[in-house]
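Please open the model in your viewer and keep the selection tool at hand. This tour moves from one selection to the next and says what is there.

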Amino acid sequence: MAAESIAMLPYTISSIPSDHHRLLPRVLSVSSSHCVALSRNCSSSSSAAAQSSPLLSLRKCLPPLKALVTADTTRTANTTPLGVDDRVGVLLLNLGGPETLDDVQPFLFNLFADPDIIRLPRLFRFLQKPLAQFISVLRAPKSKEGYAAIGGGSPLREITDKQAEELRKSLWEKDVPAKVYVGMRYWHPFTEEAIEQIKRDGITKLVVLPLYPQFSISTSGSSLRLLESIFREDEYLVNMQHTVIPSWYQREGYITAMANLIEKELKRFDFPDKVMLFFSAHGVPLAYVEEAGDPYKAEMEECVDLIMEELEKRNLTNAYTLAYQSRVGPVEWLRPYTDDTIIELGQKGVKRLLAVPISFVSEHIETLEEIDVEYKELAVKSGIESWGRVPALGCEPTFISDLADAVIESLPYVGAMAVSNLEARQSLVPLGSVEELLAAYDSQRRELPPPVTVWEWGWTKSAETWNGRAAMLAVVVLLVLEVTTGEGFLHQWGILPLHP
């Protein structure tokens with residue numbers, strides 16, 4: 001299980017039943033306090049859902065939209081000319097990963113110290129950091145083995161830095177002199193570090209671009225929540241105009257780039273038409289979708305459909321399936337699971353399998369170790385004779401160029417939402433500001449802890465506080481055990497009476 005892949009527990013949002021995952025909002029106009037949202041399709045049960053959700057009560061029905069966003073069809077408004085004093089910045093958001101084996105434990109600590117990773121009851125929130133430290137120490141040895149197997153650290157930062165540079169070049173070639181920044185959620189360069197550089201550079205217009213093709217409250221949503229807390233506390237950032245591109249799985253350039261990579265890898269098989277395409281996406285707990293209204297599953301399924309439609313245009317009609325990987329913990333996750341599906345395909349006689357990492361645009365431990373090593377070994381044991389894997393997009397030119405187009409198309413909306421294009425296919429999650437998106441998808445935000453780079457043991461003020469709290473909890477637990485079982489050293493010493 002990749003340390004980079006551990007998803008956050010569901011946010012506390014208005015509950016949206018699973019059969020409404022296609023009724024997610026598209027924003028037409030937004031002010032600081034109002035949002036008029038329209039759904040993509042009609043549903044006979046939408047009125048009942050509206051009664052239980054103020055968000056759904058604002059929704060109307062739209063006719064089906066076109067299947068694909070292209071660079072031309074999305075430009076309903078002329079690109080706003082940049083002023084002489086305008087300085088455009090693009091902030092790429094990603095999860096981050098440890099660059100060395102020594103980084104693994106503090107990286108895991110940052111991960112588990114997030115209150116959305118481990119949600120403790122209000123009474124026990126003071127245990128968040130001690131618990132994060134305990135889990136990070138417990139998981140670090142196994143995680144280090146995984147990172148050691150792929151070279152001693154995650155390549156995510158290096159690849160993301162290259163993507164940022166290629167995006168910058170593409171924007172300049174398209175006459176948009178923008179600076180591109182990288183902000184990671186749990187490791188360097190932290191989002192906080194990127195924001196400080198943005199301020200030093202005097203950026204006046206910021207486009208926030210999460211490097212997750214599909215929106216999830218556990219990935220893009222978490223990073224946006226952190227941004228919100230940073231923006232709220234800084235006068236410069238409060239006044240800086242910005243917009244967010246929450247997802248872009250439906251864009252023509254992305255779909256074309258994915259189809260190109262798949263077509264290239266199919267040619268490596270002896271019988272390309274006999275190969276099954278195995279789309280493997282990062283999983284999320286089922287509660288995200290069924291209780292929190294996360295659009296991730298709906299966007300993922302639609303993304304796979306769009307890629308297959310593009311392949312069919314090229315006369316590639318391979319069988320395909322979608323499964324979800326990297327589950328962790330005892331809760332139910334999105335099904336079908338990748339490992340179970342591989343076994344089932346082997347039992348059904350599938351002999352050729354091409355893995356397509358659909359939710360990843362960079363190589364990291366989930367692709368290099370989990371898919372390339374663990375799932376490949378499982379496939380061989382399951383009777384699959386030929387195995388292949390589509391590489392992550394990385395700096396693929398069509399992909400980078402399309403990201404640049406997405407940034408340019410969003411510029412007219414920086415600071416003021418205009419009417420969305422009703423003729424073009426839109427993402428299930430609307431373009432908007434950090435505040436607007438979180439108002440819809442994360443209604444109860446909690447305070448986030450600052451990241452740490454090294455956990456320091458010792459009698460520092462912080463250590464004394466947390467060690468003391470942990471000790472108090474241990475005392476309470478021991479007392480409860482003594483009272484309920486009637487056994488223990490307090491009974492043996494005569495402090496508590498022995499049971500007859």
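Is Y254 buried or exposed? Select Y254 in this predicted model: its relative accessible area is 0%, so Y254 is buried. The ring centres of W248 and Y254 lie 5.5 Å apart and the ring planes stand at 85 degrees, so the pair is edge-to-face.

F279 counts as buried at 0% relative accessibility, whereas Y320, with a relative accessible area of 37%, is partly exposed.

From here, turn to the open sheet, in which four strands are arranged in the order 8-7-9-10 with parallel pairing. Strand 8 and strand 10 (386–389) are at the edges and have a single partner strand each, so one side of each is left without a neighbour in the sheet. Inside the sheet, select strand 7 and strand 9 (residues 352–357), which run parallel and are joined by five bridges; S280, for instance, has P357 in strand 9 as its bridge partner.

Finally, show helix 11 (residues 296–313), which packs on the sheet and touches strand 7 and strand 8. Helix 13 (residues 365–381) packs on the sheet too, touching strand 7, strand 8, strand 9 and strand 10.

Conventions. Residues are numbered from 1 along each chain as its sequence is written. This is a predicted model: local features need pLDDT of at least 70, side-chain atom pairs count only at pLDDT 80 or more; totals for chains, interfaces and linings use all residues. Side-chain values use heavy atoms; hydrogens and water are left out. Rings of Phe, Tyr and Trp (its six-membered ring) pair if their centres lie within 6.5 Å; planes under 30 degrees apart count as stacked, over 60 as edge-to-face and the rest as tilted. Buried means under 20% relative accessible area, exposed over 50%, partly exposed in between (1.4 Å probe, protein chains only). Two strands pair if DSSP finds at least two bridges between them. Helices (H or I, at least four residues) and strands (E, at least two) are DSSP runs, numbered from the N terminus. Contact means heavy atoms within 4.5 Å. Axes are lines fitted to C-alpha atoms, for helices over the stretch in contact, and angles run from 0 to 180 degrees between N-to-C directions.
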